[in-house]
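Here is a short tour of one protein model. Keep the structure open as you read.

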Amino acid sequence: MSPRTTVQHNDIEIGIVCALSLEAHAVRAVFDEIYEDERSSDASDGYRGIRRVRKASGDKNAYTTGKIGHHEAVLAHIPGIGKANAAAVASSITSSFEGLRLVLLVGICGGMPEGHNNKEIMLGDVIIGKNVIQYDFGKQYPGEYKRKDKVEDSLGRQGPEIRAFVRKLESGDDGLEESTLKHLTFLVDKPGWEKSRYPGEHEDRLFLPDYQHKHRNALDCACVEVDMVCEVAERSSCKQLNCDTNKPVLRNRSRASTKQRPAIHFGSIASGDTVMKSGQHRNRIAKTGNIIAFEMEGAGLWDYVPCIIVKGVCDYADSHKNDDWQKYAAATAAACTKAILERWDQTDKHHQQYQVVSLIIS
C-alpha cells in the first residue's frame, strides 16, 4: 500500500481555468491523475488517496487538483462567463496556490476565417494567444464606437518566461500539432466521448460576412425585411432557415488530407463581455489589432497571472454560430494544453532549496 502524501500549496505550479462545464470536462479528462479528499486519518482503511490542498480563507472557487504528466496542476471552475468572473478567479487562485508559475485559460472561442499570412482557420483548430485586446473598452459616439487603444489603456505583456516559451512553441520545431493530435485521438476514443469527435468536414461552413442567419420567407418573420436576426432565427439551424448552401466560402484546406488534424495558430485574441455573432463587426474589429479569435475571459486574467490562452475554434463569430462544434473544439483545446505542458519545464525545487541553504550558510 502506498504511503499517504500531502500535496502542499507550493507544489502546484500549473493552474488551468475554464468558464464552461464542457471545457472543464474536457480538461479534466486529460489529467493523468485526479486527487481526491482524504477519507480517514487511519491508514489501516486501505485508502490510497492523496490529500487535497485546502483553499485560502475567502477563496470561493471550486477546484480539481491532480497531475498532468509530471506537473502538479489545479483546475479552477469559473462560476460564470465574462472577464469579471475570470478576474475574481485570478485573485483567489493565486492566494490559494502561491507557487503557480503558469496559468492556462482553456476553452472555446470564435475564430477569424484567416490568420496570419492568409493561413486558413477552420473549426476545431486551436488558437494560442500571444496577446489580448479588450475590444469592448472604449467610447460610444453617435453612429460610431471607438475602442481605447492608448498604451495606458491596453493590457500589458506577459513576463519574459511566458513570451519566450510561446515563441518556442510558435517556432513549430517540436511537433506540437502532432502531440495535440495524439492526445486528441486518445481522448475522443474513450467510451462516452462519441459526441466530442470530429463533426465532419461537410459541417464546417463559412458564409460571407454580410450573409445573415435569418428567415428567408416574409411569411415566417419580418426579420427578412430588415437588417437583423430575430430570436427565433438565433435558435434555429441553417437547415431550418434554408440558408443557401451555395453561399459558403470555399476553403483551400482540406481536412481529408490532414486526417482531421487541428492546426495551431498564434496571434492576438479579442476579449470582451459580448458574444460576437456578426461577421461584419468581426471583420471590422479584427482589422484594428491583427485579431484572429474572439473570447470572453482573457481580459480578466491577462494582467493578473502568468497566462497562456488556449482556445478551440467552435464557430466563425458570425450570425450562423451554433453549438455543434463546441465539444470537439473543447477537446482540441484540452489536448493541445496537455501537449503544451509536456514542453513546459518543471521547477527543480530541491535545487532551489539547496541554493537558499547555501546562501544562508555563506
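Helix α4 (residues 176–188) packs with α9 at an angle of about 125 degrees, and their axes lie 8 Å apart. Axes here are lines fitted to C-alpha atoms, for helices over the stretch in contact, and angles run from 0 to 180 degrees between N-to-C directions. α4 is therefore oblique to α9. Angles under 35 degrees count as roughly parallel, over 145 as roughly antiparallel, 65 to 115 as roughly perpendicular and the rest as oblique. The crossing of α4 and α9 is right-handed. A crossing is right-handed if the near helix is turned clockwise from the far one by less than a right angle, and left-handed if anticlockwise.

This is a predicted model: local features need pLDDT of at least 70, side-chain atom pairs count only at pLDDT 80 or more, and totals for chains, interfaces and linings use all residues. Residues are numbered from 1 along each chain as its sequence is written, and side-chain values use heavy atoms, with hydrogens and water left out.

Which residues meet? From α4, L176, S179, T180, K182, H183, L184, L187 and V188 are in contact (heavy atoms within 4.5 Å) with Y328, A331, T332, A335, C336, K338, A339, I340 and E342 in α9.

Helix α9 covers residues 326–342. At 1.5 Å a residue, its 17 residues should span 24 Å, and its end C-alpha atoms are 25 Å apart, so the two agree. The expected span is 1.5 Å times one less than the number of residues. Of the 17 residues in α9, 15 are buried. Buried means under 20% relative accessible area, with a 1.4 Å probe and protein chains only; exposed is over 50%, and partly exposed lies in between.

| Residue | Loop | Relative accessibility |
|---|---|---|
| N61 | β2 (33–34) to β3 (62–68) | 7% |
| G99 | α2 (83–96) to β5 (102–111) | 17% |

N61 touches K55, V89, S92 and I93, leaving aside residues up to four places away in sequence. The N61 side chain also makes a polar contact with the side chain of Y63, at 2.9 Å. G99 and D11 are 88 residues apart in sequence, but their C-alpha atoms are 6.6 Å apart in space.

The protein as a whole has 10 helices and 11 strands. Buried residues make up 48% of its 362 residues. Among contacts between residues at least 6 apart in sequence, 79% join residues at least 24 apart.

Conventions: Helices (H or I, at least four residues) and strands (E, at least two) are DSSP runs, numbered from the N terminus. A polar contact is a pair of N or O atoms within 3.5 Å; within protein, one must be able to donate a hydrogen and the other to accept it, and residues adjacent in sequence count only if both atoms are side-chain atoms.
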